[in-house]
Amino acid sequence: MPALLFYIFCTITIASAIGVVSNKNAVASALSFFVCLCGISVLFVMLDAYLLAFLLILVYAGAVVALFLFIIMLLDMQGGDRPPFKKMTIASSAIAGALLVAGVVVFLARGQFSTESIALAQAPSFFTDLKMYGVKLFTSYMLPVQLVGFLLLISMLGVIVISKKHEEKQESGGKGARS
Amino acid sequence: MLDFYFSLPLIVRLIIQGLAVIAVLFPLGAACSMAERKVAAWAQDRPGPNRARPWGLGRIPIIGPILGRFGIFNLMADGGKLLFKEDIVPGHVNKFYFVIAPIVAMTPALSTIAFVPFGAYLDGAGRVLPVMLADVDIGILGVFALASLGVYSLILAGWASNSKYPFLGAIRASAQLISYELSMTLAVVPVLLWINAPGTPGTLSLVRVVEFQSQSGFWGGAWFVFVMPLSAFIFLVALFAETNRQPFDMPESEADLVGGFHTEYGSYKWSLFFVAEYGHMIVGSALFILLFCGGWNPLPWLPLSTFVGWLAPLGAWTAHPLFVGILSICIFLGKVIFSIFFFMWVRWTLPRFRYDQVMRIGWQRLLPLSIANLIIYTIAIALLN
């Protein structure tokens, strides 16, 4: 039963991931991305990593894809049909995909990535115990957390700069709006 | 009967449990629409729907007229009408997304209930065990995650309708939902910080929140609405916005804008949107009651176990898990129904905000308030511990 479910949700995830890039309609692409995220979160649930599964749904499926859709619709009411891919793009992405598959296969063949090398008994306790998760995040993985926070800060500053410029343009046109 | 039930395979039992909960939630959502009309009528000092009486049923002595007066038959007639009415799909819509949008509306509305404990029973040792579908550690995160998917139905319905005004309604609705989600989540954090005192295993379970409110002593028995009134207020305001209730009634705004799904949808698909909205209301109210109003405890400073202890002189049957379970579910359901009544009460008390006011309240008032609330309570909790 778990194996069957695993294959079903793998198929859904991969098919929708392909759907993201192959759909002509931007809204349909965003929705395929949404289905793909749901599939991944189901795979996380099957690994007993409930926290990751629900954070994925909450942050990505619930907020990020909604914002994508929002922006797609705001920019173009028809959902923005994109031009077909160039031959160069198709070829280069096929090569990149092949390299990725080859890399994973090599990893598996060398046994560095095999399931036996990770003590399975430890993995679930780390993912399911929320307190442990928080402690790890703020001790062992402090540097990545700081770096990600810094990246977010940069992007936030970027957004402020861009929107500020826009406002100044408006200001010069009409009555002086408060910034 | 019980032995037969427990002899079934686990997956069959889980399916039966899930269907049983949906079989209560769905009609409850539908019944809310009638309650809405009746409460509106009472608020405006008129009788409301009270005429529908089928031939046979209306003539039952006593019960028939009462049911008629409460509009129960109107509700059935409405349901039947919506179910059997011709289901029109307009020619200009995007058919696939048009059909899928009501399904996307129903799914999160009905599945969030899985993480909500709606009752409790006492085992032999006097411990309180919850009645719920999925007792996992991340309870509240699961509810928030699934409830956040509700926004897609509004976006899809507005976009698939393929005309100008539904689309504008959808954009406004989704902007509102995204804006208020943040304050809602931040308002809950102090509660979870408070229950996760150092030394206890970390949990986001709603069961633990209720357990914490049913301890003995003055501080232990206090509901969180007394301990953290600001959190409760922010959560309630954000809940009104998230469930699209007045005064945050942007998706509908019938007076000034033809809203998302109101224009092109008809008959059963339209009613699914409404039931989904009421489903969100029920689950949201349940969440509010679990977090801030003591869950299945009958009164503040009066936990369920003490209450059951008072009933003990009536006979041994009062300690039976089945009785305690039903009693706790009734207490909880009573609170949820009062909370839904509160929603309707507010609808006929406060005028609707303008759209710019909705955005200003969300981002400039509620969000800073909830961040300040979080910081103050974090410092207070750190000092107390």
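Two residues are taken to be in contact if their C-beta atoms, placed from the backbone, lie within 7 Å. The structure is a predicted model, in which local features need pLDDT of at least 70, side-chain atom pairs count only at pLDDT 80 or more, and totals for chains, interfaces and linings use all residues. Residues are numbered from 1 along each chain as its sequence is written, while chains are lettered from A and ligands numbered from 1 in the order in which they are written.

**View 1. The interface between chain A and chain B.** In this interface, 21 residues of chain A are in contact with 21 residues of chain B. On the side of chain A, helix 3 (50-75) and helix 6 (130-138) are the elements that give two or more residues; helices are DSSP runs (H or I, at least four residues), numbered from the N terminus. Helix 3 of chain A provides the largest share, 14 residues. By type, the chain A side divides into 16 nonpolar, three polar and two charged residues (Ala, Val, Leu, Ile, Met, Phe, Trp, Tyr, Cys and Pro count as nonpolar, Asp, Glu, Lys and Arg as charged, and the others, Gly among them, as polar).

**View 2. Packing of helix 5 against helix 7 in chain B.** Helix 5 (residues 95-111) and helix 7 (residues 151-160) of chain B pack at an angle of about 160°, their axes 8 Å apart. Axes are lines fitted to C-alpha atoms, for helices over the stretch in contact, and angles run from 0 to 180 degrees between N-to-C directions. Helix 5 of chain B is therefore roughly antiparallel to helix 7 of chain B (the term applies to angles over 145 degrees). Among the contacting residues are B:Phe98 and B:Val104 of helix 5 of chain B, and B:Leu156 and B:Trp159 of helix 7 of chain B. The residues of this contact comprise eleven nonpolar, one polar and no charged.

View 3. Ten of the ten residues of helix 7 of chain B are buried (20 or more other C-beta atoms within 10 Å of a residue's own, with C-beta atoms placed from the backbone). The elements covering them include helix 2 (26-46) and helix 3 of chain A, together with helix 5, helix 8 (164-195) and helix 13 (267-292) of chain B. After helix 7 of chain B comes B:Asn162, whose phi is positive, near 60°.

**View 4. Confidence in chain A.** Chain A averages a pLDDT of 79, and 77% of the residues score at least 70; pLDDT is the predictor's confidence in each residue, from 0 to 100. Over residues 171-179 of chain A the pLDDT is below 50. Where pLDDT is low, the predicted coordinates should not be read in detail.

Key
Parallel < 35°, antiparallel > 145°, perpendicular 65-115°, else oblique. Buried ≥ 20, exposed ≤ 12 C-beta atoms within 10 Å, placed from the backbone.
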